[in-house]
Amino acid sequence: SAYYVFDVTNPEKKPRLLWKFTDANLGFTTGYPGIIHINSSPEKWFMVVGSGPDNNVPTDSTTSGRGYNGTSTQQGRIFIVNLLDVTSAFTFTNPDANTFMGDPTVVDGDLDYTTDVIYIGSAISTTSGKVFRINTNQDANPANWTLSTLINQGKPVLVGTSAAKDSFNNLWVFFGTGRYLS
């Protein structure tokens, strides 16, 4: 699998491929990418994506090759990719085995044009999962960001979370559980 970036600035011209991102641990990607902006000097732009099912498991014990049953035999990974030059800026490795990641949600909670936090769900094996939080600490270096577990509710979370602030400035995170793949 791979993620592609095209320049479509002028709709009258043919789109131009800028770059593609792939990694040996990306798996069969199913998630939408998120865009991170860090308003530093110089400002930084990143893409965040999670690894998908690795599909290296045959569908049953009598066949060989790739399986497409929505499982993973690897640890899930969260890739932070520099949008300027497609270098992998940092990779977070999920501590759980047999995991793949869902869609990331990027939040600028204080509306200062800098990403504050990223939420991303996971599927562990076929019946469990967690929601993770990455705090950017408004730092331009992803190696200084902090990965933690927001909640371990025991069900897969593969569709992106939603976030909203109430009138008291509390940030609320909403998500549903379940899997499309079986």
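How many residues lie between β3 and β4 in the hairpin that these strands form? The points below take up this question after a few remarks on the model as a whole.

1. The structure is a predicted model, in which local features need pLDDT of at least 70 and side-chain atom pairs count only at pLDDT 80 or more, while totals for chains, interfaces and linings use all residues. Residues are numbered from 1 along each chain as its sequence is written, and side-chain values use heavy atoms, with hydrogens and water left out.

2. The protein has 12 strands and zero helices, where strands (E, at least two residues) and helices (H or I, at least four) are DSSP runs numbered from the N terminus. Its C-alpha trace spans about 55 × 45 × 30 Å along the principal axes. The radius of gyration, taken over C-alpha atoms, is compared with a globule rule of 2.2 Å times the number of residues to the power 0.38; for 182 residues a compact globule would have a value near 16 Å, and the 17 Å of the protein agrees with this.

3. Strands β3 and β4 form a hairpin with five residues between them. Strand β3 covers residues 34-38 and runs antiparallel to β4, to which five bridges join it; two strands count as paired if DSSP finds at least two bridges between them. Within this pair, Gly 34 stands opposite Val 48 of β4.

4. In the protein, 37% of the 182 residues count as buried.

5. Strand β4 is also joined by five bridges to β5, residues 77-82, and these two run antiparallel, with Gly 50 opposite Ile 78. Ile 78 in turn stands opposite Phe 92 in β6, and five bridges join β5 to β6, again in antiparallel fashion.

6. Taken together, these strands make an open sheet of four in the order β3-β4-β5-β6, with antiparallel pairing. Its edge strands are β3 and β6 (88-93), each of which pairs on one side only.

7. A reader may also look at Tyr 4, which has its place in strand β1, residues 3-7. Tyr 4 counts as partly exposed because its relative accessibility is 48%.

Conventions:
Buried means under 20% relative accessible area, exposed over 50%, partly exposed in between (1.4 Å probe, protein chains only).
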